[in-house]
Amino acid sequence: MAIACGHCGASHDTVAEVRSCTGTRAPEASLFDEPSYDEASLGEPLDLVLAPDSAPLGAESGASSLVEPVAGDLAVLAGPEELGRALVVGPGQAAPAPWADAPRFVVDAAVVAAVGELVGRLQARWVKRRRYVVELAVDLPTGPTERDDTEPWRLKPSFAFPLDQLVHLVWANAVDLRNASAPTFGPRSMALSAGATTSATADIALADGQDAWCDGGPLDVELARRLGTPLLPAPNVGRLEPFGLTPPTADLAPDQMAAVAHRGGPCRVISPAGSGKTRTLTERARHLVRDQRLSPGALGLVAYNKRAADEMGERLGDTRGLDIRTLNSLGLAILTG
């Protein structure tokens, strides 16, 4: 007996096929897809806290007092100030000149749950692209480690796993200097693995000979314009595709165009029925993929019901690789991993 599927609207022969259905359109594979895992691999949550210091738990400890000259490849890895790259060092390790005025956060293993405060302070700097130094005295996990068995409907909209957030804020846009003789920057390493070559004046050199920077910070096409050098956002590093700088060209009203051209970060658009919300949303997706050349696998479009999802799929038929889901499909995908 066929089973109706809430993901794609079609039917499947088994429950397993329904659970594994990806929705109305399969997303393009992405270097930054969340890793798969089972419950047995989750382990116990790791409690992290700022080590006891002159500053209270979760507070900035002021500018780093340990400074050494910057030299060699590290000078390139530091990148322009606008990129706001963080630095990870070991206990007591000196921080080089580009991070001399950056606050230093010490992360140590402990049983006191002060991760949330630390996450808030790091995120405030990450979003604004301000350098910071993380003195790491414990190995952070490389994949999801936290779980919460609370009924999903009881969780607040602001719910998040603070340890997973911490891992992201420590590593997403940070240079690892713990091995001082061989500093690394994650996005650059991924680009080199994908076929890019090294450059003496930027992170990498592309196949056409252009120097380029790799970026693990917030998506911001305006930053790419200001740098004057190709910039590869995190979702594009694996395919060596810089940000596109072409503005949107759709025939839209000024307020709709403002939403389509939003530079990045959260944006809430409130409008009544029949005001063009679906068109604005689909043009935003088309602009990100076509004009800014963002990897389609980094986008997710959500509709209230199957009819609306189908409409978005039809309007974006010329833009491959997008993941278009209904609210129910998205919720089920999150709950089933």
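Which element gives the most to the lining of the second largest pocket? Helix α4 does, with 4 residues. The model is predicted: local features need pLDDT of at least 70, side-chain atom pairs count only at pLDDT 80 or more, and totals for chains, interfaces and linings use all residues. Residues are numbered from 1 along each chain as its sequence is written, and side-chain values use heavy atoms, with hydrogens and water left out.

**Overall build**

- The protein has 10 helices and 16 strands. Both are DSSP runs numbered from the N terminus: helices are H or I with at least four residues, strands are E with at least two.
- Of its 337 residues, 42% count as buried. Buried means under 20% relative accessible area, exposed means over 50%, and partly exposed lies in between, with a 1.4 Å probe and protein chains only.
- The accessible surface comes to about 17900 Å². Carbon and sulfur atoms hold 54% of that surface. The areas come from the Shrake-Rupley method with a 1.4 Å probe, and for residues only the protein chains shown count as cover.
- Among contacts with a separation of 6 or more, 65% link residues 24 or more positions apart. A contact means heavy atoms within 4.5 Å.

**Second largest pocket**

- Rolling a probe the size of a water molecule over the atoms shows where empty space is left.
- The search runs on a 1 Å grid over the protein atoms alone. A pocket is an open set of points with protein on both sides within 12 Å along at least five of seven lines; a cavity is a set where a 1.4 Å probe fits but cannot get out. Lining residues have an atom within 4 Å of a point.
- The second largest pocket has a volume of about 180 Å³. Grid points are joined across faces, edges and corners, and the volume is the space filled by probe spheres set on the points.
- Its lining is Q123, W126, A160, F161, D164, Q165, H168 and L169. The elements that give two or more residues to this lining are α3 and α4 (162-171).
- The lining divides into 4 nonpolar, 3 polar and 1 charged residues. Ala, Val, Leu, Ile, Met, Phe, Trp, Tyr, Cys and Pro count as nonpolar; Asp, Glu, Lys and Arg count as charged; the others, Gly among them, count as polar.

**Salt bridges**

- Side chains of opposite charge can pair when their charged atoms come close. The rule here is a side-chain nitrogen of Lys or Arg within 4 Å of a carboxyl oxygen of Asp or Glu. By this rule there are 17 salt bridges.
- D73 and R188 form one of them, at 2.9 Å from N to O. D73 lies in helix α2 (residues 73-77) and R188 in helix α5 (residues 186-193), so the pair ties together parts that are 115 residues apart in sequence. D73 is partly exposed at 34% relative accessibility, whereas R188 is buried at 8%.
- D310 and K306 pair at 2.7 Å, N to O. Both lie in helix α9 (residues 306-315), 4 residues apart, about one turn of the helix. D310 is partly exposed, with a relative accessible area of 30%. K306 is also partly exposed, at 28%.
- Salt bridges that share partners join E283, R286, R290 and D318 into one network.
- E283 is buried, at 15%, and R286 is buried, at 15%.

- L118 lies in helix α3 (residues 115-127). L118 is buried, at 2% relative accessibility.
- The C-alpha atoms of L118 and V107 are separated by 9.0 Å. These two residues are 11 residues apart along the chain.
- R129 is in the loop between α3 and β8 (133-136). R129 has a positive phi of about 55° although it is not a glycine. R129 is buried, with a relative accessible area of 10%.

**Another positive phi**

- L240 also has a positive phi of about 55° without being a glycine.
- L240 is found in the loop between β14 (231-232) and α7 (254-260). L240 is partly exposed, at 23% relative accessible area.
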